[in-house]
Amino acid sequence: MRVLESLVLPPRQFRIVKYLGEVREGADVSEVSNSLGFKESDLMRDLAELESKRLIRLEKTLRYLVKTSELGLKYLELGLPEERVLRYLIANNGRARLEELASAGLNEDELRASLGRLRRYGLIKLESGLVFLAEGALSDFLGEVGRVKEILRNHVKPVSYDNLPDWVADLKRRGFVDVDDVKIIKVYPTQDLLKLLSEGRVVEGVLITNLTSEALVTGTWKKAIFKEFDVGVEVPARTPRLRHPYTLFMKYVKEILVEMGFEEVRGPYVESCLWNFDALFVPQYHPSRKETDVYYVDNARAEVKEVDVLERTKKVHTEVWKYCWREDVARMTVLRTHTTPVSLRTIYERGAGEYRVFSFDRVFRPDTPDPTHLMEFHQLEGIIVGRRVTFRELLGFFKELAKRLGMEEVRFKPAYFPFTEPSVEGFVKHPKLGWIEVFPGGMFRPEVLASVALPTDYKVAAWGIGIDRLAMIVLGFDDIRNLYSCDLDVIESTKIPGVILKNA
Amino acid sequence: MPKVEVKLWDVERVAETPLSLEELARILETLKCDLEEVRGDTIVYEASHDRPDMFSAEGLGRSVGVYKGSRKPIKYVVEDSPTYLDVSEAPEYRPYAFLAIVENLELDEEAVRQIFQLQEKLHATYCGDRELVSIGLYDLDKVKPPIKYVEVENASYRPLGYENVMSLDEILRTTEKGLKYAHLVRHRRYPLLIDSEGQVLSFPPILNAEDNKVTEETRRAVIDVTGTEPYLMMKMLNVITTSVSERSRNPVIRKVSIKGSSPFPYSPVLEETVVEVGRGHVTSLLGIDPIQVKGPRLLESMGYWIQSLSEDRVVVKVPPYRVDVLSYVDVIEDLAISYGYNELGGEISNPPHFGRINPLERFSEYLREIMLGLGLQEVLNFMLTDPEILALTSEEGFVRVRNPKMKTYSAVRNSLLPTILTSVKTNSSKRRRLEIFEIGDVVRLEENTLPKYAKKLAYGLAGDGYTLTDGLVVLKSLMKTIGASYELRKTSRKLLIEGRAAEILVNGESVGVVGEVSPEVLINLSIYIPTTVAEVDIVKLFSKLST
């Protein structure tokens, strides 16, 4: 780290360069290590770093260590084998049998090599299993033995050579010496370093693991050397406190609708049949009103204040469906089975005008929870009210909504809902699931609008999406119950999908 | 939505044209039917509830033929018949009955199968599982008109599909249909259809007779509907009569007059309804006038007769089997379908005003962020919950469902504290410390008015070491962040430990409660870690803030 033109080095590197500055002409690593009292292995990383900073130059050379082997040490003590054979012959009147010699403490190889060597000097003759002493070059032989033993004595401690002496090959073959290759690293200070040293610009730094506020305030950070991190080491993950995935999804969808000019409205969960069914032109005998499909509430009464709606609804049902419409049935209390009553109540309250509203809320239908069914789920419901609102505009709305939800292709099919005509079901193309049914809607029937007395020149495009299905697809759930989970394992393992992150 | 099974060759026979599967699938879409499965020559599709005329091959073949142009829309002519139906002794509780006669029938096994499929699908849907309407068909050559619809104490006959003669009581007691539909008749006041010689045609809405049933040999059929809703009954009679008449090259439909009190003097009433559609209405509803683009053939292909067509209106006659057509909008829908929904185009116009999130919802979003910032994890629960848990944790009333499928989900929560405790329970076996919150709606039971919903924020701190202090710390941090000053007042709740609970007051009004959950409640809920909870009414808090 270069700070204020000074070179801050960790303590050990600082001492190395200082030492090199003193010796100037370079030194072996072993010298450096001996002089500074660091282990050679510890120095190597520092030397590599210093070299990468171009403060030192490393010169690597190969050297040889020659050392008397275990065998060599033994012969130094007992004498060389050929010396010992000669001694035996002299002591035994100049002759001996081969077997005798073998029993004199030499193995077969040693004996054969010794005899070969003695014969080369002409000191023995072999005749019918007997070895005879002969007149040969005895003084040459002794001179040679002395020279070998001298070498062995000199190499009891290893001796290093830049180049191997001639005798090494023979003694190594005979197993008297061991030879090791050693890489010798010589360290030289660069001119840069010598310059920096001479200018006093090399500073000893402090190695730290964590920056402290004290270091910042006192300025010791200027001499700080940060311990390098190994980024490959696994670190533990933190579990963030997160929104529930479903409320995140809701926020994302609501924002899309607000961008499209919709106002959010809300309405009661506990609703009268009048608003949930009758005013929506669902005849009282319609199967969707059966106990198997609707949660009826006994211990709360639906106070129906909107007598005008009641009267108009009665008229519509009696005239169009032609049956005996019952007010007590219309006054029955249910948990709303859809959010369409919220839309209808809004039309009743706001009346004629140009407006767009939506609600994203819970509805209830009797069911037993399993991965694909729930007795309570969300509906995304909305209306577009106005004089020039048309069925084409509704289709256009679906296309725009699909696009904003990240789905490009939309296809429409005729559908049936009791309170809309024309009715439509919009399908979007999902890359994996293919065409999925997501957008039911239509134009509110004139009979429905008559119930809430909307002037007949106003039209209402209405839609009500079973949004949980889309939520499952977006959040990657295959169990619908996960959308309503309080299980932290489920919540924490939910991945927030890119479509939300991109659009939200 | 009823699933209907037909044979391709049979549909071709009725439609009077060969059909490829692709072609049929495309036409099915215009009839609001979804092709579900093809097995050899068998085709299964799902029909829409509003098109009962699609519940069998007859109606489907008829509409397909008209759509393709191989057939013309039909004008039904109803002939007189010498006979009548006597309803003067009909049961009071099921007072209506109508008949229709269809002659010159040419039936085979598939035709008989289709007619009974239609009867069964109508029963299951429009007829309210026979409660509103019950339909029967008989071989007219095996009965002796006039036919009487009467109430009897008892009678005997051989029911359809049985070998032996049985009494009506026995039928109710022992047959499958008897057991299933016994609740629709009153004891010893049984409805019965009999001929002039006293032969039983049917014990409606339970079982028809074996001896005069419709078979492949039947040439003349008599069809009955009995029930409680006369207009619906007439619609059903029209659907089945026109369908049965498809099984003849020269069908003769005869009406039967009714003796006794009846909203209709005779049946069937197969008159076409005349609907006038203003072309201005078409454009203002659809955003396009398909007639202008593609011509009136669009309406004819959907089975309408065009009575007159001018610049400003089109008058059509609606065939009597189209019971779904109630007004001009239904005709306009057919026009749009015939034109093709995917051909209509359409863009959304610019919004007339700015969009807006409900202010309370936006405030809730802000609270959500604060709670997350305080390090609590958001959870979600159902609003439907176990009434026992509500009773255990709340002193106030709550909405109960009369017809739950499971007791666990038979009451509507009136507080979030029970669901916070449910969440603690769900997680307590896996985690030793929990800090969670929920923002959601509750429903309060109120006298003489629709129960009101309220929005609440609740949190729970569960684990060894948590006390009321921790609950108060979260509360203080929350209130400080939103700039609300509050006071605490000692309170006593059966949910909370006495002396370790406080009411939260803003401007003197109670907006919530905070406290340590009592060990009795914890044990009762199988929660074995100490839990501190709090609940704040967001609506009240919001109103305090904005004033």
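Select chain B to begin: its secondary structure comes to 17 helices and 28 strands, where helices (H or I, at least four residues) and strands (E, at least two) are DSSP runs numbered from the N terminus. With chain B still selected, consider its radius of gyration, taken over C-alpha atoms. The value is 33 Å, well over the 24 Å that the globule rule gives for 547 residues, so chain B is more spread out than a compact globule; the rule is 2.2 Å times the number of residues to the power 0.38.

This is a predicted model, in which local features need pLDDT of at least 70 and side-chain atom pairs count only at pLDDT 80 or more, while totals for chains, interfaces and linings use all residues. Residues are numbered from 1 along each chain as its sequence is written, chains are lettered from A and ligands numbered from 1 in the order in which they are written, and side-chain values use heavy atoms, with hydrogens and water left out.

Display the C-alpha trace of chain B, which spans about 90 × 65 × 45 Å along its principal axes. Of its 547 residues, 59% count as buried (under 20% relative accessible area, 1.4 Å probe, protein chains only). Among contacts in chain B (heavy atoms within 4.5 Å) between residues at least 6 apart in sequence, 69% join residues at least 24 apart.

Next, show both chains and select the contact between them, which takes 96 residues from chain A and 87 residues from chain B. On the chain A side, select Arg241(A), Arg392(A) and Cys486(A): these lose the most area to chain B, together 9% of what that side buries. The area buried between the two chains is about 8,100 Å², with carbon and sulfur atoms giving 58%; buried area is the accessible area (1.4 Å probe) that two parts lose on being put together, summed over both.

Zoom in on Arg402(B) and Glu291(A), whose side chains meet in a salt bridge (2.0 Å, N to O). Such a bridge is a side-chain nitrogen of Lys or Arg within 4 Å of a carboxyl oxygen of Asp or Glu, and the count between chain A and chain B is 13. Then select helix α17 (residues 391-404) of chain A, which supplies eight residues, the largest share of the side of chain A that touches chain B.

Finally, select helix α16 (residues 340-350) of chain A. Eight of its 11 residues are buried, so this helix is largely enclosed by the rest of the structure. Among the buried residues are Thr340(A), Leu344(A) and Arg345(A). Just after α16(A), Gly351(A) takes a positive phi of about 65°.

How values were computed:
Buried means under 20% relative accessible area, exposed over 50%, partly exposed in between (1.4 Å probe, protein chains only).
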